[in-house]
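Please look at the structure as I describe how its parts are arranged.

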Amino acid sequence: MAHRPSPIIDSPHSASFVQPPDGFIPSRHVDAKLIIIMVGLPARGKSYIVKKLGRYLNWLQLNTGVFNVGERRRKASSSLPVAGRLELEPTPDLLSAASFFNPSDATLVSLRDQLALQTLDELLHWLLNSDGRIGILDATNSTVSRRQLLLSHIQQRSGSETEVLFLESCCSDADILEKNIKLKLVGPDYAGKDPERSLMDFRRRIAHYEKSYVPIGRNEEDQRLPYVQMIDVGRKINTHLIRGYIQSRVVEYLLNFNLSQRQVWLSCNGQSIDDSAGRIGRNSDLSAQGTQFARALVTFINQQRQHWESQRGNHSRGSKSPFSIWTSMMPQAIQTAGEFSDSEYTKTQVRMLNDMNAGNMAGLTFDEIAARYPEEFASRSRDKLLYRWPGIGGEGYVDIINRLRSVIVELERTSDNLLLITHRAVVRVLLAYFMDLRKDNLADLSLPKGSVFCFEMVRLDTRKLAPLRLTLFTQ
């Protein structure tokens, strides 16, 4: 029997929370600009965490930049005068060989510190001279002295303009660690090189780091510094002095990481009677064409599910991975899922997946809105992202992002394969999360009716697949 997901928290305040006209929460209610400093030995999943966390924070419209010290090291390898000091057999880059990470060589320690400070300067320039809200420094930062150096530099450059959060990734699971190490062989330091020699070199690099590694803990607590310590990609999380909106959102998201391989499918509802007339924002039953789409969707997903199971070898074991369907609570979405077998699929209705509330414009066509309310029509055309439909309950795209936050967190938590059947505006916002789209691209994202999108959650992060479009008919 399919595993039934835990109920999703459905806050009644998600649509009625009072916000300023531009839809964003005032900065005084969140945090100052934030610098997240990563900590941890190599192959502990730091860059994996950074990539997912950065995507989530950007989706929340908190402009986030990632600055990777390893990238600066690789760019610098051809220009820094350290040739002759290193054993360079496995890799051609001067600063990629294991010997470069020897903690006993003061010259090389100083050079690594310089690279870290240069990357931090780039982060600070971006954060303090643009609309950036969060800068993430992706590096090992595995010693107390390195972390103190970074803190002093931040204080000198930015003073009270920024806050600092340390985020450490630890790993005690031998299986996860071994997989992480092998993934490094396809990374930029070792790609295309002899795998055995590269693996030996990388293990020597880890051994160098282990000699001087000091985990986050007493030193940061004595200085009353906030930190998150993430163990085995979310199996256990320790926190210290987490405060404010942004830091709380970071912890909430990290608490729900899991490494299960699964598929997430996104589909709009089948054509409704209102859709066929071009009317927006109301409950509406499916049209005949919408019913045809719903039946075709069942056939299509069943086929795709069978293909997924055969790839994973589940058919030979006579088992199936759990598969859940989440729909909005509007009839056009519920009816689209109605043809799916209740014994094969677990169905859940989620109010937060409801269509954008069109307020006073619900039930009108866009031509009618343009004729009756030309100022509103023009305002929406100028900025669809920040526009909010007028009237009680009226929403905009930023409101949808706010109410979908807990859906994203639950989506990251569950290990089920998923099909989400919702509405065009909501699908756009969900696609923006998976595809890491910035706000300027969100509201105008092309979304043809009859398209079904699949994202496969794999170990290297979410891999975007091409949209699979149902072509049995045109909606």
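Which hand, left or right, does the crossing of helix 2 and helix 3 have? The crossing is right-handed; a crossing is called right-handed if the near helix is turned clockwise from the far one by less than a right angle, and left-handed if anticlockwise. This is a predicted model, in which local features need pLDDT of at least 70, side-chain atom pairs count only at pLDDT 80 or more, and totals for chains, interfaces and linings use all residues. Residues are numbered from 1 along each chain as its sequence is written, and side-chain values use heavy atoms, with hydrogens and water left out.

Let me stay with this pair of helices. Their axes come within 9 Å and cross at roughly 115°. Axes are lines fitted to C-alpha atoms, for helices over the stretch in contact, and angles run from 0 to 180 degrees between N-to-C directions. Helices (H or I, at least four residues) and strands (E, at least two) are DSSP runs, numbered from the N terminus. From helix 2, V69, R72, R73 and A76 meet L115, A116, Q118, T119 and E122 of helix 3, where contact means heavy atoms within 4.5 Å. These residues divide into 4 nonpolar, 2 polar and 3 charged. Ala, Val, Leu, Ile, Met, Phe, Trp, Tyr, Cys and Pro count as nonpolar, Asp, Glu, Lys and Arg as charged, and the others, Gly among them, as polar.

Helix 3 (residues 106-128) also packs with helix 4 (residues 144-158), at an angle of about 35° and with the axes 11 Å apart. Here too the crossing is right-handed. Among the residues in contact are L117, L120 and L124 of helix 3 and L149, L150 and I154 of helix 4. By class, this contact has 8 nonpolar, 3 polar and 5 charged residues.

Six strands form an open sheet in the order 2-3-1-4-5-6, with mixed pairing; two strands pair if DSSP finds at least two bridges between them. Strand 2 (64-68) and strand 6 (236-240) are the edge strands, each pairing on one side only. From one strand to the next, the twist averages 15°. Strands of a sheet pair through backbone hydrogen bonds, either parallel or antiparallel. Strand 4 (residues 162-170) and strand 5 (residues 227-231) pair in the parallel sense over 5 bridges, and S169 stands opposite M230 in strand 5.

How do helices lie against these strands? Helix 2 (residues 69-76) lies across strand 2 and strand 3, at about 45° to strand 2. Helix 8 (residues 244-254) lies across strands 1, 3, 4, 5 and 6, running at about 15° to strand 4.
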